[in-house]
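Dear colleague,

Please find below the structure for your review. My notes on its charged residues follow.

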Amino acid sequence: MLKALGVSEDLAHTSIRFGLGRFSTEEEVEYAVRRTAQAVEKLREMSPLYEMAREGIDIKAIQWPGD
């Protein structure tokens, strides 16, 4: 769906989609936000690419073996 809106493939693959309805409670939304933030923090800790990007390295410019 994001690609249909013109979002690049790279960005679409790093996106999370949430659905809210009129019956979603504030507590459910707050829970989802907390859990998402925890998961993102854990994934960033595990990712050497995240550290490289934070240091200003252009990840797309890296020549990976086999490319």
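R54 has a relative accessible area of 59% and is therefore exposed (exposed means over 50%, buried under 20% and partly exposed in between, with a 1.4 Å probe and protein chains only). The model is predicted: local features need pLDDT of at least 70, side-chain atom pairs count only at pLDDT 80 or more, and totals for chains, interfaces and linings use all residues. Residues are numbered from 1 along each chain as its sequence is written, and side-chain values use heavy atoms, with hydrogens and water left out.

The side chain of R54 forms a salt bridge with that of E51, at 3.5 Å from N to O (a salt bridge is a side-chain nitrogen of Lys or Arg within 4 Å of a carboxyl oxygen of Asp or Glu). Both residues belong to helix α3 (residues 48-54), where E51 and R54 are three residues apart, about one turn of the helix (helices are DSSP runs of H or I with at least four residues, numbered from the N terminus). E51 counts as partly exposed because its relative accessibility is 36%.

Two salt bridges are found in a search of the whole structure. K3 and E9 also form a salt bridge, with their closest N and O atoms 3.1 Å apart. E9 has 43% relative accessibility and so counts as partly exposed.

Lastly, E27 lies in helix α2 (residues 26-46). E27 is classed as exposed because its relative accessibility is 56%.

Yours sincerely

Note on methods: Helices (H or I, at least four residues) and strands (E, at least two) are DSSP runs, numbered from the N terminus.
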